[in-house]
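Have the coordinates open alongside.

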Protein chains: 4
Amino acid sequence: MKEVKVGVVVGSLRKDSYNLMAANALISVAPRNLKFEFIEIGNLELYNQDYDEKSPESYVAFREKVKSMDAILFVTPEYNRSVPGVLKNAIDIASRPWGQSVWGGKPAAIMSVTIGNVGAFGANHHLRQALMFLDMAVLAQPEAYISNAMSLFDASGKLVNEDTKAFFTNFMKAFADFIDYANQGLN
Amino acid sequence: MKEVKVGVVVGSLRKDSYNLMAANALISVAPRNLKFEFIEIGNLELYNQDYDEKSPESYVAFREKVKSMDAILFVTPEYNRSVPGVLKNAIDIASRPWGQSVWGGKPAAIMSVTIGNVGAFGANHHLRQALMFLDMAVLAQPEAYISNAMSLFDASGKLVNEDTKAFFTNFMKAFADFIDYANQGLN
Amino acid sequence: MKEVKVGVVVGSLRKDSYNLMAANALISVAPRNLKFEFIEIGNLELYNQDYDEKSPESYVAFREKVKSMDAILFVTPEYNRSVPGVLKNAIDIASRPWGQSVWGGKPAAIMSVTIGNVGAFGANHHLRQALMFLDMAVLAQPEAYISNAMSLFDASGKLVNEDTKAFFTNFMKAFADFIDYANQGLN
Amino acid sequence: MKEVKVGVVVGSLRKDSYNLMAANALISVAPRNLKFEFIEIGNLELYNQDYDEKSPESYVAFREKVKSMDAILFVTPEYNRSVPGVLKNAIDIASRPWGQSVWGGKPAAIMSVTIGNVGAFGANHHLRQALMFLDMAVLAQPEAYISNAMSLFDASGKLVNEDTKAFFTNFMKAFADFIDYANQGLN
């Protein structure tokens, strides 16, 4: 398969974030044609439409980085049964100014990760609703709802469980196939 | 009726925001026992759980302000079929640290406002899902989906249409009754 | 506390439904002022607005039964990440003809039950969105997402786990308090 | 383009349904390689998992019909801010028995139609959540939220407005292209 540049967006800014661990675990088991780059969202000012005429440096750089990617992997916790504000802010920024969204057409996949027990379902699906609007092609199956994240990683952030590792591997294989499918459709 | 302190949270930071106009219009027609105060959200750093131990000044002040209110009025646009990141960030901040949310129990109402034509429905309901989790009592009926906001205000930000004004008046009357109802239940 | 008539609506028609078991378990641990009656939904014809002028017997009886209740307990599985059609059909029927909904104002609680592992979250929240529109007062906290239902009951349908039983007990206590709160507000 | 068999599923059973009018209008302006067939859902018994071993005739015929289609067009009203029970019931039936769903992989498009003014947004997106789970490829843009349906059709059910007709034409063109895209990806 052709090399694919995948931007990784993590919905938590916490240094020891389980979502960051999960993202790293996904990268470690992904098909080798996928080349990953983390995209920083913690340095972005809160979106203000008044900035559309002259955007902060951080917006410009973020939009260019997103634009340069072939696909996007979202790994996100749930805050209050929805998408974290910090992640939604990033999505909003790269969707504007109106008509200049840089998300459109890119294949995407979502893994939601929580220390709770309902898989951050609320974040996963609110995010899907936004990505639908942005005309991204989002992997449907397999869905990835990761519960009880505290028990999944060892001290070095590696997955401790073979079943989880197999699921992560399968998920990334499906994402790679989906990117390939989406790109064939576009040719 | 008893005096009630209502915090007003506007989901857009734009200086000439239609949502800000709508909030001001709602205040202008509200029952006189409701006393309003705008709560600033544009100065809040992006939420990071690592701040829970020692929060930025802006978080502390915001949480105290929310806590001091008897009820909350949300007036919000829709960004990408969901809640603006800037608003969700504020909600997340005042919901943490875990177990110390200052939203719980407060009656709330939501008006969603858009220049488009489906009333910012996506923002309205994603916000409801978050407020449900935060154990707020949210006014159900009447719902308030405001479309075509560009045509609703004059140059000074006043409502130009009697029907709209009647709807806004009715909405705030319902909110005042709902606050009263919620408080009676709590006594 | 005053006696309260609670209608129980189960979202699955399956004879050995785990949702039915969960409903029975909830009833068995509920405060004694709550008096329960199951409301049948499996005998309802598919809703057709053309029936509004002259409704089938089953609709008439169902609407009267719902109307006679003081509160409603919904116990539902998730079908395809949303509310089962069979349950939504019942909700639609008792919401019509337009302006004659019999749901409005009634306190309600939702437990969602699945043999899967994300607590039927999708059904729970899609149902909440409908009940909001119907102006029902729906218990927010504690939420009740029940996963892995296969492991929760013994052969006679009784809960095998003390933690689950405590959670069910707590949930029904909260529902009884919520009904009391809602009714005080209404007086 | 290759001939494509498109099943049309209308979410309202009402004889003079605006959704049925909208479906017919969509068909009348569609690219000629799309061949349409309405799929009846009003004759389906309420889904009961106990039927999985021996399904009613209506289920068997419905599943075969869905299976025979290359793509699906959903045209649906909103009942109580969600998908009509009658439509969800049909979706549930063709998704079962477990592992034998006949929806998977089919490209789909959704138009939601209401006499109200927020475009049946709630039905549109709850339906999307179900179709995502069923691994259908659903057209993202353009979205189709049709409000004020009473004013759109003449006595014979034809669209009276050139703008609406242009939008319907554009929508079906986008659907045809999307089907083509999805099929290329699959080859």
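## Helix against helix

H3(A) and H3(B) are roughly antiparallel to each other (angles over 145 degrees count as such). Their axes come within 7 Å and cross at roughly 170 degrees. Axes here are lines fitted to C-alpha atoms, for helices over the stretch in contact, and angles run from 0 to 180 degrees between N-to-C directions. Helices (H or I, at least four residues) and strands (E, at least two) are DSSP runs, numbered from the N terminus.

The contact uses Gly85(A), Val86(A), Lys88(A), Asn89(A), Ile91(A) and Asp92(A) from H3(A). H3(B) contributes Gly85(B), Val86(B), Lys88(B), Asn89(B), Ile91(B) and Asp92(B). Residues are in contact if their C-beta atoms, placed from the backbone, lie within 7 Å. By class, this contact holds four nonpolar, four polar and four charged residues. Ala, Val, Leu, Ile, Met, Phe, Trp, Tyr, Cys and Pro count as nonpolar, Asp, Glu, Lys and Arg as charged, and the others, Gly among them, as polar.

## Basis of the model

The model is predicted: local features need pLDDT of at least 70, side-chain atom pairs count only at pLDDT 80 or more, and totals for chains, interfaces and linings use all residues. Residues are numbered from 1 along each chain as its sequence is written, while chains are lettered from A and ligands numbered from 1 in the order in which they are written.

## Chains A and B

Superposition is by least squares on the C-alpha atoms of residues with pLDDT of at least 70 in both copies.

The interface pairs 28 residues of chain B with 28 residues of chain A. On the side of chain B, helices H3 (85-94) and H4 (121-133) each supply at least two residues. H3(B) gives the largest share, six residues. That side has eleven nonpolar, eleven polar and six charged residues.

## Chains B and C

Chain C superposes on chain B by a rotation of 180 degrees, with 0.0 Å of shift along the axis and an RMSD of 0.0 Å. That is the relation of a two-fold axis. The same surface serves both copies: 100% of the contact residues of chain C recur in chain B.

Twelve residues from chain C and twelve residues from chain B take part. In chain C, helices H4 (121-133) and H5 (162-186) each supply at least two residues of the side that touches chain B. The largest share, five residues, comes from H5(C). This side of chain C has five nonpolar, five polar and two charged residues.

## Covered elements

Helix H1 (residues 18-28) of chain C is mostly covered, with eight of its eleven residues buried (20 or more other C-beta atoms within 10 Å of the residue's own, all placed from the backbone). Among them are Tyr18(C), Leu20(C), Met21(C) and Leu26(C).

Strand S3 (residues 71-76) of chain D has six of its six residues buried. Ala71(D), Leu73(D) and Val75(D) point one way, and Ile72(D), Phe74(D) and Thr76(D) the other. S3(D) pairs in the parallel sense with S1 (residues 4-10) of chain D over five bridges. Pairing requires at least two DSSP bridges. Val6(D) stands opposite Ala71(D). S3(D) also pairs in the parallel sense with S4 (residues 107-113) of chain D, over five bridges. There, Met111(D) is the bridge partner of Val75(D).

Note on methods:
Contact = placed C-beta atoms within 7 Å. Buried ≥ 20, exposed ≤ 12 C-beta atoms within 10 Å, placed from the backbone. Parallel < 35°, antiparallel > 145°, perpendicular 65-115°, else oblique.
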